[in-house]
Amino acid sequence: MNKTIGILAHVDAGKTTFSEQLLYHTKSIKQRGRVDHQNAFLDSHNIEKQRGITVFADQAVFHYLNSTYYLIDTPGHVDFSPEMERAIQVMDYAIIIISAVEGIEGHTETVYRLLRKHRIPVFFFINKIDRSGANVDSVIHDIKENLTSDVMDVTNSFHFGHFSNDLVEWLAERDEELLDAYINNIISEEFLLSKTQWMIQNGVIFPLFSGSALQDIGIKSFLDNFHFLTKTNDDSNHDEPFAGRVYKIRHEESGTRLSFIKAIKGKLAVRDELTYLNENGIEKHEKITQIRVYNGNQFQTVNEVFAGQLFAVTGLTDASIGCGLGTLKEKEQFELIPTLKSKVVFAPSVNPKEVLKYFKVLEAEDPSLSVKWDEYQQEIHLHVMGKIQLEVLEQIIPERFHLNVQFAKPEILYKETIEKEVVGYGHFEPLRHYAEVHLKIEPGERNSGISFVSECHTDDLSYGLQNLIKQHIYEREHHGLLTGSALTDVKITLLTGRDHNKHTHGGDFREATFRAIRQGLEKANNILLEPYYKFKITVSIEQMGRVLSDIQAAHGQFDTPLTAGDKALITGMAPVATFMEYSAKLAALTQGKGSIWMELAGYFRCHNEQEIIAKINYNKNADPDYTSSSVFCAKGQSFSVKWDEAEKMMHCLK
């Protein structure tokens, strides 16, 4: 049986030390490494050793009893949380490590919520019980208050398939079939174990253990019990068609592209052909040239792999992270997105296109970077989670590409939308070309992105051309008019269009579609959006007034505070721009006794819209990627017509 387990935690909770202990107890490594000694098996990159944090989600393989385990150690720092989220998609089980001293910290809640969203079964391990100030009972109370009430401390209640009476009663309360068997005294340990495994796997209950990874307290017991309490469904027919998902991309020094895959169904062999959709929705067929099973930074080549296994392949040149392979067609969508952007700074003597090529390699490995070339400014921009990520990139790029770069101070990543419905018209008719598109653009729900529907009759445009227009709408970001930021939260409806049997060519509908969107925006009431955090702050009642004042000063909003004893719980939302540094301010205000959890709530109306528009100073008429003008042709000559005059010349309106 194959089991993929992920180790997740807030930074410094002891996640990597815990992973080292599991590998040691299963004889996968001969000695236990430590982060502070720079000899951890899974933190093998120079940057991880120097900084003492996990940056990359690396994996190890170990065998225990009758199972093969694939262990993924994920980053705990919020700046590298997209790497953590990408690893979550292939986990069978997750182990959340929580410090018995610090308890639930900001990132812990984000990790737990993501795991539940992806329906990954969760175990808790309360670590550092040997430390001064450790309080296991307090942490369990906080888990029940903030994460789930269905958590049970089984450290001393379960061992090698044997359940204590208290644990049996607790389990029976959560399953009717189990309760009936318990009341009628016909419960067997085999049935009890099977039911418990099912409840864990389906997110009904969440077992909790405690110990000390550094002192090797409770680790072996956890491993034994975890083995008995988990199962997977990877015993599928190996002859059924292969299905898998890409969860990581890496490049070797030679440039060889490695696609890391979780096999979900069937088997895959060297020289098999895989089918997948690339980023542009184009179906690709490529042969697997090599299969590798990685353990840390070492690997062995194999001829075939089966459902449940993690491995890397060569031969896939265009597969992206999250894409399905074989019979799995759906692409995984990721929630954690950067709210900052930064400009890449490099020596004038360096060819910008060469630098862009390097950053596109990094973008394949971390899609959240969203690397963009600004043709007008002749600059490279990328999206980032925070300053630590930029510092790490400044170290990575010289190591990998022998190029020194710096980054401009990170700025907020804005977006734009519209307030009222408009219709945009686009016509593209240079000599021997022809396409016309009419689009209704209306406001969508906040944080809904861009959606598309077609009301166009097939007498006007074939299904193929309608789908082509849809593809062009989704193939790139569309610039708003206020700041040139990405357009979002709109519903676009294809009303009608026209092609020409002889003169319509491949890119004509792209030009007409982009012009229709832009022409519609010219007529719309455009508004600027900025990212907001939702937050949860716990402080003493005496400090509540100061915190509420800080939130108001940051242009945030809060719900009615809740009080219990001498503590106050404050929830609300605030702009990222004004609130991103508040964690440090709160720690100083409360001498470290207050707690704060923040997570991106989405994009909402910008609190200082006019100030930002003036600061960015975007010239909508000088954007080389977009024009709102249409192109017509008369008497063998093409000519451009401005947006406010083009509508009356549209052919479909005549």
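Predicted model: local features only at pLDDT ≥ 70, side-chain atom pairs only at ≥ 80, totals over all residues.

Colleague: OK, how many aromatic pairs does a search of the whole structure find?

Modeller: The search finds 23 aromatic pairs, where rings of Phe, Tyr and Trp (its six-membered ring) pair if their centres lie within 6.5 Å, and planes under 30 degrees apart count as stacked, over 60 as edge-to-face and the rest as tilted. One of them is Y93 with F123, an edge-to-face pair at 6.2 Å centre to centre with 70 degrees between the planes.

Colleague: And which strands do Y93 and F123 lie in?

Modeller: Y93 lies in strand β4 (residues 93–99) and F123 in strand β5 (residues 122–127), so the pair ties together parts that are 30 residues apart in sequence; strands here are DSSP runs (E, at least two residues), as helices are (H or I, at least four), numbered from the N terminus.

Colleague: Are Y93 and F123 buried or exposed?

Modeller: Both Y93 and F123 are buried, meaning under 20% relative accessible area, with exposed being over 50% and partly exposed in between (1.4 Å probe, protein chains only). Y93 and F123 also belong to one aromatic cluster, whose members include F18, F209 and F222.

Colleague: Switching to helices, how do α3 and α4 cross?

Modeller: The axes of helix α3 (residues 81–88) and helix α4 (residues 106–117) come within 10 Å and cross at roughly 30 degrees, the axes being lines fitted to C-alpha atoms over the stretch in contact, with angles from 0 to 180 degrees between N-to-C directions. In α3, S81, M84, E85 and I88 meet H107, V111, L114, L115 and K117 of α4, contact meaning heavy atoms within 4.5 Å.

Colleague: What about α1, how many of its residues are buried?

Modeller: Ten of the eleven residues of helix α1 (residues 15–25) are buried, so α1 is largely enclosed by the rest of the structure. Those buried residues pack against β1 (2–9), β2 (58–64), β3 (67–73), β4, β5 and α9.

Colleague: And what comes just after α1?

Modeller: Just after α1, K27 takes a positive phi of about 60 degrees.

How values were computed
Residues numbered from 1 in each chain as written. Heavy atoms only, no water.
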